[in-house]
Amino acid sequence: MQKYDKALINYQLTVHFNPRCAEAYNNMGVIFKERDHLERAFACYQMALQCNPRFAQALNNIGMACTATGRLQKALEFLARAVAVAPSYAEAYNNLGWLFWDQGDLEQALRMYERCIELAPNSKHPSQNRLLALNYAPDLSPQLVFEAHRAWGDRFCRELGPPCADGWPLLRREAGRRLRVGYISPDFFHHSVSFFAQCLLEHRDQDRFDIFIYSNTSREDEATVRLRGLVPEDRWKKVLGKSAQDVAGIVREDRIDILVELAGHTANNRLDVVALKPAPVQFTYIGYNNTTGLGAVDYRITDAIVDPLDSRQPFSEELVRLPGCFLCYTPPVRIPDVGPLPAMTAGLVTFGSFSCLAKVNQKCIALWARVLQEVPNSRLLVKAKGFYSREVQVRFACQFERHGIPAHRLRLLALTHTSYDHLNTYNEVDIGLDTFPYSNTTTTCETLLMGVPVVCLSGNTHGSRVGVTLLSVLGLSECVAETHNDYVDKAVRLATDLHRLALLRQSMRQALLASSLCDGPRFVRERYEPVLREKWTLFCRGRPPSKQHFGSAEPPDPLAPGPFVSPLPSGAAAAAAALCPASAATPQAAVANGAQWTQQLPAANGGGAPTFAGATDFSAALVPAEANGSLGSPHGAGQRLSPM
């Protein structure tokens, strides 16, 4: 903080003596953004652009600030200008990919990531964002997605350097001794991972396991405080900003026997640390629905429903199938009461989805449209971050209109102020509709917690079967579909039996809380910790730790096994045009048909939505905590300082 104070004074002095110094204004904006002083950050970025309208870094930075505050259309305009004036500005393409992902345009997101990789093949973020995005694509084979992960692991480990070479001389290979288990994650805050990781800390056998936390969390909150209270103070270690080698050294100094990473390829992960093999036994768990692609990770925790024994989906890790469901959910501390069935008073059935828009692909929309057609007296409520943008709302409604569903049958909501408000919105929903091929995890648990049954579609990958394993715990096989037709039939059957829906709503929460899905003590003691002990025992008996193997003397191509989308057109003007397609007559049609747009922009810093000074009038606020809480969030490159 003191470093920022000194830098801010220097930049203020610079613009005092040189009022046209765009770089100084940009760098002040970065500092204010880091401190969550958004009004002042926007003002500084706009001053930078008044000094130099073609200043690509300032255009990128203000675009990312707009993304963070829900002004997605403005973000697109600024980021498109950034690549128009600087067609080789790799970082802006990564940020555009993040923006398109939020808007549900997966193809364009992949196109941006692959363009960024072409420009900066050794950059970490776009390569991992691309891997994450592949999980959402409905038509890619599991083998092809695996090959992309494996190629990434090969290149990444070559660039990172060799792992720890001297073994683990401080560790005693004794099968029955007390074990030291480390958890490394960026998500020890109000994030989906924390709802499933809490039980691992809270209900551990303290006589047999010591735990250490390596927190790469950048935004700590009340959930962080709660989790820290479950761990001895000297065992919670902040590693944000530390190099992979330094963190690996800390892990080794702590004599960690088993290291569990909880993020996979999602934002701010520390796979770089895991790749150095600082512990002899390493697991990946919870945070990512596919392989890490790293040979240094020995095991992946799963179950026999989400990854059946006959599954053909390949992983670089050995699968460890827990008995029952592989997850254990800890509900939020404060939750609203379950309300009465909305259909009883509304006079129509409300289907609902609270998924991120990247999961809602064209096939998913077509199937949901079929459900709405089969239940004429119904509507669909969809809640997502992307709906901060009216343009995204309109485009979404137009996709349903192509399937014969008028816009007035849609209710589109942006994010709510608080997690409590988010959960309370489920009191407007009768039946949840899961996405595919990337099914929901936390969202499904929340839906069930609020008394709402969920219809899901079983697939042939881990990501497409998470809903199946969650629903199986509650015995809700009636909600698991094997085909598209079956999905429609099950949704219709529920929608036409309001008495059954009302009974489910009355009993669902208690059934969930009483189930093994929420039985933390039993899950940890009887299912999870025995697996840790088993794999440690194998190591003590001579099983060699896994390690990275390289397929050839030369690293794979950065886009191996090949590009997944067509490239951007060449030339700055053509690229910029591809980024901002004209939204001609179709938006007006959607508006004319009466879609219900709800722009729930939250208050910032406890007050009303601020207006930022400068040429553009911004009415925006910080995206609320629930936006930071989904499994599978991509990396954003963030704000960029300019050299002076």
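This report looks at the nonpolar cores and salt bridges of a predicted model.

## About the model

Local features need pLDDT of at least 70 and side-chain atom pairs count only at pLDDT 80 or more, while totals for chains, interfaces and linings use all residues. Residues are numbered from 1 along each chain as its sequence is written, and side-chain values use heavy atoms, leaving out hydrogens and water.

## Nonpolar cores

A nonpolar core here is a set of buried Ala, Val, Leu, Ile, Met, Phe, Trp, Tyr and Cys residues joined through side-chain atoms within 4.5 Å. Buried means under 20% relative accessible area, exposed over 50%, and partly exposed in between (1.4 Å probe, protein chains only).

The largest core has 105 residues, and Tyr-183, Phe-283, Tyr-285, Phe-351 and Phe-400 touch the most other members. Its largest share, eight residues, comes from helix H22 (residues 520-540); helices (H or I, at least four residues) and strands (E, at least two) are DSSP runs, numbered from the N terminus. A second, separate core of 85 residues includes Leu-72, Cys-116, Leu-259 and Leu-271.

## Salt bridges

Counting a side-chain nitrogen of Lys or Arg within 4 Å of a carboxyl oxygen of Asp or Glu as a salt bridge, the model has 23. One of them pairs Asp-257 with Arg-177, with the closest N and O atoms 2.6 Å apart. These partners lie 80 residues apart and link distant parts of the chain. Asp-257 is buried at 0% relative accessibility, and Arg-177 is buried at 11%.

In helix H22, Arg-522 bridges to Glu-526 at 3.0 Å; the two are four residues apart, about one helical turn. Arg-522 is exposed, at 51%.
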